[in-house]
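User: I am new to this structure and want to learn how to read it. Can you take me through it feature by feature?

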2 protein chains.
Amino acid sequence: MNRFEPNLRIPGPTGLPPSIRAAGARQMINHRGPEFAAMLERVMTRMKPYFGTTSDVAILSCAGTGGLEAALVNVLSPGDRVLGVSMGAFGDRFAKIASTYGANVTKLAVEWGEAADPAAVRAALAEEPAPGYRAVLLTHNETSTGVMNPIPVLAAAIRDAAPDTLILVDSVSGLGAVPFEMDGWGIDVVVTGSQKAWMSAPGLAMVATSERAWAAMETATMPRFYLDLRAHRDAQAKGQTPWTPALAVVYQVDEGLELMELETAAGIFARHEACAAAARAGLKALGFELLADPRFASRTVTAAKVPEGLDWKAFNGSLKARGLVLAGGQGKLTGLIFRVGHLGSVTLGEILDAIGVLEEASIEHGRPVEAGAAVAAAQRAALEAIGALAPVEA
Amino acid sequence: MNRFEPNLRIPGPTGLPPSIRAAGARQMINHRGPEFAAMLERVMTRMKPYFGTTSDVAILSCAGTGGLEAALVNVLSPGDRVLGVSMGAFGDRFAKIASTYGANVTKLAVEWGEAADPAAVRAALAEEPAPGYRAVLLTHNETSTGVMNPIPVLAAAIRDAAPDTLILVDSVSGLGAVPFEMDGWGIDVVVTGSQKAWMSAPGLAMVATSERAWAAMETATMPRFYLDLRAHRDAQAKGQTPWTPALAVVYQVDEGLELMELETAAGIFARHEACAAAARAGLKALGFELLADPRFASRTVTAAKVPEGLDWKAFNGSLKARGLVLAGGQGKLTGLIFRVGHLGSVTLGEILDAIGVLEEASIEHGRPVEAGAAVAAAQRAALEAIGALAPVEA
């Protein structure tokens, strides 16, 4: 059936709501003037609760990957021992950036589709001779597999086994969509990106740093200039960024936070939970096997396995022809999975629409489905997730 | 007098034409899909002639400063000898990034307001014992002083004295507004930024690299990941960027290049020359002394000295109240100069408007001016610059 706009269901960039699109069209202003200073202050103030921190948040003009690099190079020195807990392509990348800058990285590889095991992390920390690891790298939400790590449990295990170790968290595709308590959980650096939960175009990475991280910066010797968080702290004191910011994206994030304030954090978290539940239920009802351990299924992206015998390229062509844009697999999962993004501006209607298109394409490709059953399952799961229904007896 | 939009006359970000603002409001697309690939290809193809190169142009999501860092860390190794030719705050910054990453930098400092002297550069190269400098850093257009270096002459001197030395050029605020011949002049790395001549929001740095620079990358050991140009080259072959690009700014640059194609390079260069001439003539007619050596006056930004006895803060308040937004001085020129940007979307009308407001404010602050004389001088200089008038006999 015809449609007039694609349903962009990749795990970022996400679709932009109308007022955020309009913000992207605003005329430029002086980024060294009072209007910008007020906006920067507003963005930081409204963003901090989503990090769960009272620390300042630096607004870097770069992709999430640049934010991950900033998290590492500001607090580490070449030769530092680092434990890279990786459960997918982005965990691997986080570890790789650290080793590129000379850190001595041991990777704790988790099977793709699984979450990190606190006991395994604890054991890895215990095995390391004194003085232990300087830092542990965690991925909050692994975009490549649709797994969300149990960060509070992992952080508690790390803090218990290695109280002074820095905990650096990639929450590029998690923060803002689900609860996070950086200060309460004892996290040292957290990174997120404008094109994920913040409903804006890509171009900004936001990085918050604990007091322990600030202290680490004083002695860290990895070279950094563009991504130097000390330059950001100094400029922030004057209501500026050290280098010319991606101004139009700041406009958008500012507007996004306005929308988020109206919706409330509780409303945003419930919407993400409902859309995630709907995506999982709909995909399962269509006969797709999900990749992620259901106990740690991501609330922002769901990965499903490409069934044996299904020609993914042809199937995806049928989806695209109907205006549904999904993401394929990354790294070693290329061709083996597909991913449905449900973060940022996502609505339940968009998930129902996606499941409906997947059903249409399934019928076209001869997969056995019962017409309407998957969208019914998706709708039901969403309502159940937000407590609008009594749970179905198993 | 009232107005309905400010006249943003800072040297970037520049005002965005309507169609570029509209491009900033476009909905997101999949940055790993064919639509993005086509756009990336189009942007690169249309941008290369402004670099004067047949080499590929990497589109980095960062500020110009990030582009300068990329220019350095991709081709240099810690300990490399580097000659940093600096004529202002941005030349200093370029040199500082190099030393931050461990280069052994000798700075050839030029008095702020002057251009680099080819003979002095040649002498500095001759003084260096074998194997000589690995790289020379040049600023094309020094935004902090309004001086434009004679790059072809400097590059010829360097190539003559040190044929294998890498020549890295910061043309963040120059490229696209004035002619540039990277290949013809033997330049190895050239950097520009979206918010300057390209009439777009900040967020992208564009970097072109010669064959000699690509060869240097094979042995360069400065650490880099986010800014690694090899990752960009590999991704570009697939019509992608390695990390999520600042997509809305790519939309804008794409639209900007469409406007530039309609105007033609010759038209753009003439417009910049005319606006620069108008700014200089208007400011002089108002009794302001210009900072830059007139032989090397920038075509994209003009710096004027704050006259003795004039309270700059109060004067600037009068300008702002009339909607004219200028830039102050940077670094050691803070409080001593002000700067008028005339690049990107600038029109002669906007310069006349700026000169008119400066006249009004001058009258308010008791400076002696003849009503209308400065805008007349500006208009006349512009027409003369584009050859519409016979030059006035001296």
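Analyst: What follows goes from the contact between the chains to helices, strands and single residues. This is a predicted model, in which local features need pLDDT of at least 70, side-chain atom pairs count only at pLDDT 80 or more, and totals for chains, interfaces and linings use all residues. Residues are numbered from 1 along each chain as its sequence is written, chains are lettered from A and ligands numbered from 1 in the order in which they are written, and side-chain values use heavy atoms, with hydrogens and water left out.

User: What area is buried between chain B and chain A?

Analyst: The size of an interface is often given as the accessible area lost when the parts come together. Buried area here is the accessible area (1.4 Å probe) that two parts lose on being put together, summed over both. Between chain B and chain A it is about 3600 Å². Carbon and sulfur atoms give 67% of that area.

User: Is H3(B) mostly covered or mostly open?

Analyst: Buried means under 20% relative accessible area, exposed over 50%, partly exposed in between (1.4 Å probe, protein chains only). H3(B) is mostly covered, with 10 of its 10 residues buried. Among them are B:Gly64, B:Leu68, B:Glu69 and B:Val73.

User: Is B:Gln236 buried or exposed?

Analyst: B:Gln236 is buried, because its relative accessible area is 13%. B:Gln236 lies in helix H9 (residues 229-236) of chain B. Leaving out residues up to four places away in sequence, B:Gln236 touches B:Leu40, B:Met44, B:Asp56, B:Val57, B:Ala58 and B:Ile59.

User: And A:Glu308, buried or exposed?

Analyst: A:Glu308 counts as exposed, at 86% relative accessibility. A:Glu308 is in the loop between S11 and helix H12 (312-321) of chain A.

User: Which strands does S5(A) pair with?

Analyst: Strands of a sheet pair through backbone hydrogen bonds, either parallel or antiparallel. Two strands pair if DSSP finds at least two bridges between them. S5(A) pairs in the parallel sense with strand S3 (residues 81-86) of chain A over 3 bridges. There, A:Leu83 stands opposite A:Val136. S5(A) also pairs with strand S8 (residues 166-170) of chain A, parallel, over 5 bridges. A:Thr139 stands opposite A:Asp170 in S8(A).

User: Why is S5(A) called largely enclosed?

Analyst: Strand S5 (residues 135-139) of chain A has 5 of its 5 residues buried, so it is largely enclosed by the rest of the structure. On one side are A:Ala135, A:Leu137 and A:Thr139, and on the other A:Val136 and A:Leu138.

User: What joins S9(A) to its partners?

Analyst: S8(A) and S9(A) run parallel, joined by 3 bridges. A:Asp170 has A:Val191 as its bridge partner in S9(A). S9(A) and strand S10 (residues 205-209) of chain A run antiparallel, joined by 5 bridges. Strand S9 (residues 189-193) of chain A is mostly covered, with 5 of its 5 residues buried.

User: In what order do the strands of the open sheet with S11 in chain A lie?

Analyst: The order is S11-S14-S13, with antiparallel pairing. Strand S11 (301-305) and strand S13 (327-328) of chain A stand at the edges, each with a single partner strand, so one side of each is left without a neighbour in the sheet.

How values were computed: Helix = DSSP H or I, 4+ residues; strand = E, 2+ residues; numbered from the N terminus. Contact = heavy atoms within 4.5 Å.
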